[in-house]
Amino acid sequence: MSLANCLLPFSQSGTTPSSSTCSCHLAASFSNFPVSSRDLSASRNESLVLNGGGSNLCRKFCGLKLWILKSLNLKQGSHRKHQPVNELKTRSEHTFLSDERGFTEETKAADLRPEENILGIDLSDGYHKVGDLPPLSKQVLEGISDVQRGASLCIAVVGATGELARMKIFPALFALYYSGYLPEDVAIFGFSRKNLTDEDLRSIIASTLTCRVDHQENCGDKIAVFLSRTYYINGGYNNNREGMSRLAERMKQIEGESKANRIFYLSVPQEALVDVACTIGDKAQAPRGWTRIIVEKPFGFNSHSSHLLTKSILSKFEERQIYRIDHMLGRNLIENLTVLRFSNLVFEPVWNRTYIRNVQVIVSESIAQTEKYSDGYGIIRDIVHSHILQTIALLAMEPPISLDGEDIRNEKVKVLRSIRKLDPRNVILGQYKSSSQEKNGVVLNGVDPTYCAAALYIDNARWDGVPFLVRVGTGLIKHRVEIRVQFRHVPGNLYRENIGINIDLGTNELILRGEPDEAILVKINNKVPGLGLQLDASELNLLYKDRYSTHEVPDSYEHLIHDVIDGDNHLFMRSDEVAAAWNILSPVLEEIDKHHTAPELYEFGGRGPVGAYYLWAKHGVPWADD
C-alpha cells in the first residue's frame, strides 16, 4: 500500500478536525490493519476511509514512515567531497528501532498513547515506553529499505603486482581509508597474472602502507583491517575473460545484496589496455551501482592510435565512466589555478593579452627525480600531451558557468582547440648524455627526447599574440615545477631611470611554485628605505609550509582517486580534449618520426640544451632564473 497521500505537514495534520478524512485512501488489502470499527467509514465508492482517530493514526503512521526512510537515506547517502565517510554518523538498524526519542522528535507524535494498537503490537504490555517504535518484522524492513549488507564499494587494481600499484596506488587507497574517505566496508581487489593468494598480495603491499605523520592513531589496527579487506584474483595468462569473470564473481560474493559501486584502476601497459577495458565492460560492470574505470597516461601513441583506443573503450563504457588519470594534475598547484583566477578580483580583470606579456610553464626533474623514458613514448607524449596542455587549458580558459566537471571541461576543450598547431621551428628537443657515472639506472632508447622547450600560441580574443613558453626536462640540475605569469611594462613608467637599463627586472610577475617548496609569489617594485630614491624588485610570498601546519600533503594519487570516487572529473581528460591535444602536437611528432630528428645533447645534471635559450629570445621572453 502506498502512503504517499498521507504526507500532510504535521502542523496541518495535527489541527485537522476529527470529522475530516485522511487523504490516504486504503486499499482492500489494508482491511486487516488493526483499528477499531469506529475509526472506519465507507465512502460512496465503498473504499475504506480513516475517520477521526484513524486520521490521527494515519498521520502518525506516515510520520513513522518518514522517520524510517530519513534514517535509511542518511545511512545510504554517499559522502560529499572532502568529508570523511566515518563522519556521517547514522543510527544502526537496531538503534533506530529502539530509540526512545528519535521517533517522537522526528514525527512530533508525542501524543502516541500506549493504549493505541499499532501494527498489531500492544504498547501497553509493559515492555514498551511511550514514544518507542514497535519491532517491525523483517519483511516490512525489506519492503521499505535497501539497507546495504555487503561491501558498498569495490576497487580493483588491474596490474596489482606492478611497481605503480605497489608504490602508489595501494598506499593511496590505504591513506584514503585511514583518513575516512573510503567506506568502512570497502573491498580492495588485486588482479594480475601471477599465481598468488590473498595473503601473498597482503604481504607485498603491507610494507608500503604508512600512516600520516600528523595523525598516527590506531595505525596498526587500521592497516590490519585494510589488509583484511584486500583480496587477490589470478587473471591467468591465457584468457582475460575467464580471469575477469572470476573477479566479477568474487566481487559479487563480497557485495552480497548491496547496491555496490565498482572502480577499476587499469595499471597495465598500453598494448593491453583495450583488451582489459573491453573485458571489464563485458564481464565485470556493477550490476546495480555505477562502474568507473581509471586509465593511465599516455593515451595513445599519436592521433590515430588514440582515436582507435578511445573508440574501443567507448564501445563498452560511457564517457562519464572513463577517468584518464595523470598524477601530475593532482597537485595543489593545479587546483590553485582556478581558485586564484576566479576567487580573487585582483587577477581576473588583468588576465588577458592587454596586461600579460607571456606565460611560462616549467617542469624540470633533477637527477634524483629522473624517470625512465625508455618505453618509446618520450617526454612529449608522456608529459606535454597531458600535463602541460591541461595546465595551459586551466590557466587560459574562460570562466565556466559552474564548478561542475563537465562545465570546466567544456571550457578547457575550447582553449585546446584554439591553440595553434605546434610549429617544429618553435620546438627544441634535447636528450641528456649518457655516462658511466650515472647512478639512476635510466637507459635511453634511440632518439626519445628527455627535454622539450616549445612556444605555443592561443588564437582567441583573450590571448592573441601572448606566447606560452613550455620547458619540460629530466636529468637537470634542479627539481622545479613552476608557472610564471609575466606582466607587461608599465606604460610611461615614471621610475624608468630608477629601475635601470634592464627594465625586465622591474616587471611584475605572478609565480606559482609546486612541491616541495610550494608557494605563491608576487613580484613587485618597492622603494628601498633610506635617503634617495632607489627601487628594488621584491616578492610578496605565501610559503605553504610556513602558513599551514599540515606536515604531510596528500599524494596526488590520493587526490585523484578521491575525485573518481566523488565523480569529480574536471582534472581528467575527456575524449575530445585528448583528440585536441594530439592535434596540437601532431606536426612535431610527425617530423620526429619521419626524419628521425636527433635531439640536442646536454649534460646529465646540467641546465638543458643551449637552443632553449635562443628560443626564448626569439619570442622576446627573458629566461627565468634557474
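Helices (H or I, at least four residues) and strands (E, at least two) are DSSP runs here, numbered from the N terminus. I keep that at hand because the places below are given by these elements. I also note that this is a predicted model.

**Entry: a nonpolar patch**

I looked up Leu494 and found it in the loop between strand E13 (480–487) and helix H15 (496–499). Together with Tyr495 and Leu533, Leu494 makes a nonpolar surface patch of about 350 Å². I then checked its cover: Leu494 has a relative accessible area of 77%, so it counts as exposed.

Most residues other than glycine have a negative phi, and most peptide bonds are trans. With that in mind, I went looking for exceptions.

The peptide bond between Lys297 and Pro298 is cis, with omega about -5°. I placed Pro298 in the loop between strand E7 (291–296) and helix H11 (303–314).

His596 has a positive phi, near 50°, and is not a glycine. I found His596 in the loop that runs between helix H18 (575–595) and strand E17 (600–602). Its relative accessibility is 60%, so I wrote His596 down as exposed.

**Entry: salt bridges**

My search of the whole structure gave 29 salt bridges. I took a few of them one by one.

Lys316 and Asp282 pair through their side chains at 3.0 Å, N to O. This pair links distant parts of the chain, 34 residues apart: Lys316 sits in the loop between H11 and strand E8 (322–325), and Asp282 sits in helix H10 (residues 270–283). Lys316 is partly exposed at 31% relative accessibility, and Asp282 is partly exposed at 37%.

Next I looked at Lys433 and Glu603, whose closest N and O atoms are 3.1 Å apart in a salt bridge. Here 170 residues separate the partners, and distant parts of the chain are again linked: Lys433 is in the loop between strand E10 (427–432) and strand E11 (451–457), while Glu603 is in the loop between E17 and helix H19 (611–618). Lys433 comes out partly exposed at 36% relative accessibility, and Glu603 partly exposed at 48%.

Which residue forms a salt bridge with Arg484? I found Glu482, with 2.8 Å between the closest N and O atoms.

Last, I noted a network of salt bridges that links Glu406, Arg409, Lys412, Arg574, Asp576 and Glu577.

How values were computed. Residues numbered from 1 in each chain as written. Predicted model: local features only at pLDDT ≥ 70, side-chain atom pairs only at ≥ 80, totals over all residues. Heavy atoms only, no water. Patch = residues over 30% accessible without salt bridge, like charges linked within 9 Å, V, L, I, M, F, W, Y side chains within 5 Å. Areas by Shrake-Rupley, 256 points an atom, 1.4 Å probe, with all protein chains shown as cover. Salt bridge = Lys/Arg side-chain N within 4 Å of Asp/Glu carboxyl O. Buried < 20%, exposed > 50% of the residue type's maximum accessible area, 1.4 Å probe, protein only.
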